[in-house]
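Here are my notes on the model, as numbered points. Please read them with the structure open.

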Amino acid sequence: MDPNSFKPAHFRWDFADGVGVVTLDRPEKKNPLTFESYAELRDFFRALDQAPEVKAVVLTGAGGNFCSGGDVHEIIGPLTEKDMPGLLEFTRMTGDLVKAIRHCPPPVIAAVEGVCAGAGAILAMSADLRLATPDAKTAFLFNRVGLAGCDMGACAILPRIIGQGRASELLFFGRSMSAEEGERWGFWNQLVEDGPVLDAAKAWAARIAAGPNFANAMTKAQLNAEWDMGLDQAIEAEAQAQAICMQTEDFRRAYRAFVAKEKPVFEGN
């Protein structure tokens with residue numbers, strides 16, 4: 001996939017210098033998702049496996065909000081009319097979006113301000129790194145609309161980020177988590193107060209893009225894979241992964257730069 005040729009219909013895509021920015025772009029409704037945008041986002045993140053030029057991705061929303069979740073009229077209403085096979089088709093599709101974000105090679109950074117609710121909170125949760133503004137309000141609000149908190153991997157991923165007890169509180173009550181709570185609990189890597197959160201996320205993405213991209217993709221893959229491993233298995237898996245990375249030219253470039261007392265310039269191979 002040529003990163004510059006991708007023209008999404010349901011979100012905005014900008015790409016330069018190895019960094020791509022996905023912008024949810026329905027600001028008049030706080031950037032809700034539809035059946036079509038779920039599917040297109042899923043397909044897009046899957047396609048990044050074939051786009052090595054994309055070295056980091058920023059996921060954000062337009063108009064001062066991140067994402068208000070599924071569109072009430074375009075998703076919630078129609079779901080009340082679907083039969084069980086239709087409902088399962090939808091819930092599997094939304095879960096596939098999370099899988100696509102977690103398994104695409106480039107690290108994904110969420111840049112969040114304002115409303116981050118429902119499926120929007122799940123998108124932020126699914127990212128590898130998360131930055132937010134002090135006004136960000138995050139709610140896993142499924143409980144408040146008569147649904148279980150176990151949506152799109154929330155019961156698996158959220159406790160690993162903020163702990164079982166805190167995840168249980170958010171999922172049982174569906175209450176909003178303040179930005180300060182989110183940073184204190186470890187959901188946000190950092191709160192950005194001295195400038196646009198998108199600029200901060202792009203700066204982080206540029207740092208990642210300048211790094212050893214093959215090795216970064218390996219790190220992301222191991223972070224996912226080792227959830228289900230015992231310690232001995234994880235140590236062996238990391239031994240094999242690191243040995244593979246030691247065969248790359250980037251590893252040799254770093255050594256030569258160290259010897260020459262220079263900063264290494266990585267090329268991702």
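1. The lining of the second largest pocket holds 13 nonpolar, six polar and seven charged residues. Here Ala, Val, Leu, Ile, Met, Phe, Trp, Tyr, Cys and Pro count as nonpolar, Asp, Glu, Lys and Arg as charged, and the others, Gly among them, as polar. This is a predicted model: local features need pLDDT of at least 70, side-chain atom pairs count only at pLDDT 80 or more, and totals for chains, interfaces and linings use all residues. Residues are numbered from 1 along each chain as its sequence is written, and side-chain values use heavy atoms, with hydrogens and water left out.

2. The volume of the second largest pocket is about 540 Å³. Its lining has 26 residues, and Thr219, Lys220, Gln222, Leu223 and Asn224 are the closest to its centre. The terms come from a 1 Å grid over the protein atoms alone: a cavity is a set of points where a 1.4 Å probe fits but cannot get out, a pocket is an open set with protein on both sides within 12 Å along at least five of seven lines, and lining residues have an atom within 4 Å of a point. Grid points are joined across faces, edges and corners, and a volume is the space filled by probe spheres set on the points.

3. Which helix gives the most to the lining of the second largest pocket? H9 does, with eight residues. Helix H4 (119–126), strand S6 (129–132), helix H5 (154–162), helix H9 (213–225) and helix H10 (231–245) each supply at least two. Helices (H or I, at least four residues) and strands (E, at least two) are DSSP runs, numbered from the N terminus. Domain 1 (11–210) and domain 2 (213–260) each provide at least three lining residues; these bounds come from an automatic or database domain assignment.

4. The largest pocket has a volume of about 650 Å³. Of its 23 lining residues, Ile76, Leu79, Phe142, Val145 and Leu147 lie nearest the centre. The lining counts 15 nonpolar, seven polar and one charged.

5. Six strands make an open sheet of mixed pairing, ordered S1-S2-S3-S4-S6-S9. Strand S1 (12–16) and strand S9 (190–191) are the edges; each has a single partner strand, so one side of each lacks a neighbour in the sheet. Strands pair if DSSP finds at least two bridges between them. S2 (19–24) and S3 (56–61) are parallel over six bridges, with Val21 opposite Val58 in S3. Helix H8 (197–209) packs on this sheet, touching S2, S3, strand S4 (108–112), S6 and S9, and its direction makes about 170° with that of S4. Contact means heavy atoms within 4.5 Å. Axes are lines fitted to C-alpha atoms, for helices over the stretch in contact, and angles run from 0 to 180 degrees between N-to-C directions.

6. Another open sheet has three strands in the order S5-S7-S8, again with mixed pairing. S5 (115–117) and S8 (176–178) are its edge strands, each pairing on one side only. Neighbouring strands are turned by 25° on average, direction ignored. S7 (137–139) and S8 are antiparallel over three bridges. Thr138 faces Met177 in S8. H4 lies across S5 and S7, at about 90° to S5.
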